[in-house]
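Here is a short tour of one protein model and its ligand. Have the sequence and the 3D view ready, and let's walk through them together.

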Amino acid sequence: MSSPISTSRQGDILVVTSDNPPVNALGQRVREGLKAAIEQAAADDAIKAIVIRCEGRTFFAGADITEFGKPPQGPSLPEVCAAIEASDKPVVAAIHGTALGGGCEIALACHYRVAVPSAKLGLPEVKLGLIPGAAGTQRLPRLVGAEAALPLVVIGNPVSAKQAQKIGLVDTLLDEADLAGGAATFAKSQIGKPVPRTSEMNNNRDGVANPDIFDEFRAKNGRKLRGFDAPNAGIEAVRAAGELSFAEGVKKERALFSKLMTGTQSAAMRHYFFAERAANKIDDLAADTKPIPIEKVGIIGAGTMGGGIAMNFLSAGIPVNILEMKQDALDRGTATIRKNYENTAKRGRMSPEQVESAMGLLTPTLEYGELAECDLVIEAVYENMDVKKEVFRTLDETVKQGAILASNTSYLDIDEIATATKRPGYVVGLHFFSPANVMKLLEVVRGANTRDDVLATAMKLSKAIGKVAAVSGVCPGFIGNRMLSKRQEQANQLIMEGANYWEVDDVLLEFGFPMGPFQMGDLAGIDIGWHRDPSKVTTVREALCAVGRFGQKAGKGFYDYDEARQRTPSDEVKQIIADFATRSGTPQRDVSKQEIEERLLYPMVNEGAKILEEGMAQRASDIDVVWINGYGWPLYTGGPMFWADTIGLDTVVSGLEKYGLPVCDYLRSRAEAGKTFN
Ligand code: 3H9
């Protein structure tokens, strides 16, 4: 097999090119080729400078993640970086696409970095539960300062080439159309000058002069980093770069990196990396399936959901016609979309021009006829089968043939909705999560008759609007809400048996969820689906509604809320729950935190197993993707199915049996065979 690394001479410049699709990951053969190329340049007196560049869509996007966990094969990435930096001849990294992780570390080891304006640079290792492991945490702060290095190492978001130039990570921006030529000219201009080595720089004195920056950074990002191990290791490593020699700092980085690499968090996050990409693939689609072009989208309903859905398309530059029944509802919906964009602009995440251009793509309407030319129409009216069928009947009559008709239903039967049309093949579920302009998840619901090209379109479109999609079959609540209902059942039961409702919430918070089921109820509104008759009270929720405890919006629900929306458990609610328990004759007892956790989470795993058994999800990892992106399951445990694999399926089975809860055949048989889900 030929090497992915080739070299060519351009006068006295050696151009080293990597061609390792799709993303030029730094696998063993790439590393070997790079090291050999540097040795070749050193041995050849006619060579005066070196340019390292990549073919294809990107500069090196990092270490090859598929090699992680396997026996290491040299040369290692730190060795390659050291060899590059040690060169006496100037080495220039010519960057396009994304220089990420190990790719950015290669660039940091080069003596110069030039980039096209569209390029991005970053150290996203933290998103895999790691820190950079090829001296990135030591070279970057020495080059750009500790304060500028912290967000790159600890948060892991890439920066634009322009921003990289501003902080000193990139030396020069070059013409987008001529990176190779520009890089060679730049390299030529450095011949004969002493080479600047990042490891010898000391621009990170800022962290030594003011060590508070590390704690301040930690405090500022506390919520975002809660529960994750890698960010703290990243802060420690950047701090060490200011306190230790380069060699000692590298040792420190290696120790931190190795500990993370062998831990469960990184295994879970690497699982998630591949799970997210797998979820976008549908196994049984014909290879030549062509997505349908989507140039215009219609949305039925300009309420919170419809408006949020519309924003996804507007932000991606896709025109939207939004329909309401009444002018005032339409005006309200349009005004909310504008307000949301303006708030984003106020926070500096959008320019006023971008707000106007997004709003310019929005056409509010009261007429179905105006949707006739849409390629996709998404219905977001309230959850009632008759209403939805009526909408679909009308859409089928008014929207052009070949257009996709989608429902945003969160639990209704897509196949039944499709019967209202003469085009069931073009009907699909697109279940967005609230707030729909923010939440990453899109459940794509595949009906019995949904065509392959319609599904392929949904998956492609989800990427275009920045969503993470997973496919579900038709079943009540699909993947996410179906599993959620099992958790809620247990939560309701636990508080009847004597568990305090705030303890139930706290157990999930400690597990890593952003909130528990009762906090979630308060946030969404306790009165969702309430019949509005205070004299008819059969559930705790109805009892809360009857006394005006509608949730956060009313200042009280399960909890009392202060001005800052801080929650305090309520005596009134405690009494309501106690009265229910007495009436139902449920004996009261102390319920341990362990029991709460197991009874909330194990039934979800069992339901996930049933979903797999029935073929409602394509793979266990899709369920993990749904729960991490739609319901705040902590990423660092890898999602419910990966978490169950980690603790052992036999543990889950015996736990369910201990509480007298059902165990499905699929879960039991895998546990008995000593297998995992993933
Ligand atoms: C690291 O560098 C550690 C070092 O500090 C220390 C070492 C000692 N490896 O995302 P896409 C695959 S850690 C292997 O759909 P896009 C991906 O699975 C690494 N495979 O494309 C997919 O495969 P498939 C730090 C990789 O255009 C295909 O490539 N770097 C890797 O939407 C296309 O990917 C990162 O964390 C990899 N590193 O986005 C960067 N990367 O077609 C991770 C991708 O079979 N990568 N694949 O499904 C990314 O963020 C995105 O892939 C990127 C392109 C932005 C580059």
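## Helices, strands and the annotated domain

A word on terms to begin with: helices here are DSSP runs of H or I with at least four residues, strands are runs of E with at least two, and both are numbered from the N terminus. Please keep in mind that this is a predicted model.

An unreviewed UniProt entry places the feature "domain: 3-hydroxyacyl-CoA dehydrogenase C-terminal" at residues 477-561 and 598-661. Residues 598-661 are 70% helix and 0% strand, with end C-alpha atoms 11 Å apart. For residues 477-561 the figures are 52% helix and 4% strand, and the end C-alpha atoms lie 30 Å apart.

## A look at Gly555

Gly555 sits in the loop between helix 23 (540-546) and strand 18 (559-561). Is Gly555 buried, partly exposed or exposed? Its relative accessibility is 27%, so Gly555 counts as partly exposed. Beyond its neighbours within four places in sequence, Gly555 touches Asp560 and Tyr561.

## Around the ligand

The ligand is surrounded by 25 residues, and the closest are Arg57, Glu105, Glu125, Arg277 and Lys281. By class, this shell holds 13 nonpolar, five polar and seven charged residues. Helix 13 gives the largest share, three residues.

A side-chain N or O atom of Glu125 is 2.5 Å from a ligand oxygen, and a polar side-chain atom of Arg57 is 2.8 Å from an oxygen atom of the ligand. At Ala63, a backbone N or O atom lies 2.9 Å from a ligand nitrogen. Taken alone, the ligand exposes 1,000 Å², of which the protein buries 75%.

Methods: Residues are numbered from 1 along each chain as its sequence is written. This is a predicted model: local features need pLDDT of at least 70, side-chain atom pairs count only at pLDDT 80 or more; totals for chains, interfaces and linings use all residues. Side-chain values use heavy atoms; hydrogens and water are left out. UniProt positions are given in the numbering used here, feature names are shortened, and annotations may be inferred rather than shown by experiment. Buried means under 20% relative accessible area, exposed over 50%, partly exposed in between (1.4 Å probe, protein chains only). Contact means heavy atoms within 4.5 Å. A residue is near a molecule or strand if one of its heavy atoms lies within 4 Å of it. A polar contact is a pair of N or O atoms within 3.5 Å; within protein, one must be able to donate a hydrogen and the other to accept it, and residues adjacent in sequence count only if both atoms are side-chain atoms. Accessible areas come from the Shrake-Rupley method with a 1.4 Å probe; for residues, only the protein chains shown count as cover. Ala, Val, Leu, Ile, Met, Phe, Trp, Tyr, Cys and Pro count as nonpolar, Asp, Glu, Lys and Arg as charged, and the others, Gly among them, as polar.
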